[in-house]
Amino acid sequence: MTKTNFNDYKLSSELLKAINMLNFKSPTRVQEQVIPAVLEQKDIIVKSQTGSGKTAAFAIPICELVDWDENKPQALVIVPTRELAMQVKEDIFNIGRFKRLKVPAIYGKSPFYNQEKELKQKTHVVVGTPGRIIDHIERGTFDTSKIKYLVIDEADEMLNMGFMEQIETIINNLSKERVTVLLSATMPKDIEVLCNKYMKDPIHAEIEDQNPAIDRIYQERYTVDQRDKIKLLRDITIVENPDSCIIFCNTKQKVDEVYDELANLKYTCAKIHGGMEQRDRQRVMNDFKQGNFRYLVATDVAARGIDIDDISLVINFDIPQDSESYVHRIGRTGRIGREGRAITFVAKNETKFLNDIHQYIGKEIPLKERPEKEAVANSKQEFIEKINTAPEIKEAKGAQLSKEIMKLHINAGKKTKMRPVDIVGTLCNIKGMTAEDIGIINVLDISTFVEILNDKGELVYRELQKTPIKGRLRNVSKVER
Ligand code: AMP
């Protein structure tokens, strides 16, 4: 019998509450296969695309199974890119929100020391990229002795990026008594070898997308001279007038160039490429997710795995030079069953790449004539109106979950010997509060952050103005999100 309801999995109330608030009505097909398998502590190999709900498929059972009381990390999720690490961390954090799970993400180009500090505290699930995970293991800042669940996400992408050896190094640092979940969109030989070597009687789950993105997305192409691309881009964006659009280029330089052109023309836009600081990349992705601007000019760093709903149009300003990348790029539109549009510019000397793509996707992308001058002129007014109105700001995925949670800052920390137990003791003495209402506590050097759940933030905030913690009245303030 196939499960159709999350209640069938006998999950704890904390998890069901989070799932409900995330608005997941019933398990997706990949979740139907993965959740029960992992709950039964079985290894599983999952062949599935992004957008299928695969992150929650492993996150739900892992959040259910980890023991809150254990201080050392119990699950490790390896992902290929920093962007994905941040996103997967957020997804797991949201699911484990009411169980108060701590989910640090560790990845390169970001201060080692901050990650080290996070790993020193209580953590439950660690998400990371291979290189940085190894750095932490080698420097003794990541204790893997209690890891019982290992997830290798986007295994084929890690293979493409040359991470296989590093993954083996990580696996060799883990206990053999563990559950391993491997997810991959394709199953090349090397991944099968890895599975045979490190997994125990794995279940094989293959989830065919019933209505794959490639069929849902309305695709077309234009033949264009290199030097005429910007002009074509202007005309097309005017005629299409999308609510949100990603423009893909093949190099950083081209991203800079196209971005400068659009910014000059007063498009609300931003750019993202691998040459930018991690912090800036993260900010741009978040702003785009929330709909702060309509046009994002990007290299392939934004193509894979990243979960942004509602992108109306993808434009390949440069045709991608490998066909898989075409599918990933256009897959940014038409998410979770929606329709989308993708337009590709093909310069005269790029027909080879176009032929490869046609072969790969098994059909020909229809060729379109560039928009007539008249059509562009007719659309211009509407285009200008849209470009001058701010996009509708979207709520972040976990925002609903955060609504009944208040984060408080207390001006005392490790330097004054503050410990989580001191905070818990004081809070539980407040009338109407129980341990269940206390979320994540983060004790830093000179300050402490504590989350108050279940809409009890105001009560606690009020009481702490007159209630001493560890013998002294402390300065307590609300943290604005
Ligand atoms: P993923 O395949 O992990 O990238 O997930 C794609 C999207 O589906 C994410 O935005 C999830 O929040 C969402 N999602 C995951 N599980 C469900 C579900 N059971 N129902 C509805 N949406 C879901």
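**Close-up of the contact between helix H6 and helix H8 in the predicted model**. Pro 130, Gly 131, Ile 133, Ile 134 and Ile 137 of H6 meet Gln 166, Thr 169 and Ile 170 of H8, where contact means heavy atoms within 4.5 Å and where helices are DSSP runs of H or I with at least four residues, strands being E runs of at least two, numbered from the N terminus. By class, this contact of H6 with H8 holds five nonpolar, three polar and no charged residues (Ala, Val, Leu, Ile, Met, Phe, Trp, Tyr, Cys and Pro count as nonpolar, Asp, Glu, Lys and Arg as charged, and the others, Gly among them, as polar). The model is predicted, so that local features need pLDDT of at least 70 and side-chain atom pairs count only at pLDDT 80 or more, while totals for chains, interfaces and linings use all residues. Residues are numbered from 1 along each chain as its sequence is written, and side-chain values use heavy atoms, with hydrogens and water left out.

**Packing geometry of H6 and H8**. Helix H6 (residues 130-138) packs against helix H8 (residues 164-172) at an angle of about 35°, their axes being 9 Å apart (axes are lines fitted to C-alpha atoms, for helices over the stretch in contact, and angles run from 0 to 180 degrees between N-to-C directions).

**The open sheet of six strands**. With parallel pairing, the strand order is E8-E13-E12-E9-E11-E10, two strands being paired if DSSP finds at least two bridges between them. Strand E8 (217-223) and strand E10 (269-272) are the edge strands, each pairing on one side only.

**Pairing of strand E9 with strand E11**. Four bridges join the parallel strands E9 (residues 245-248) and E11 (residues 295-298), and Phe 248 has Ala 298 in E11 as its bridge partner.
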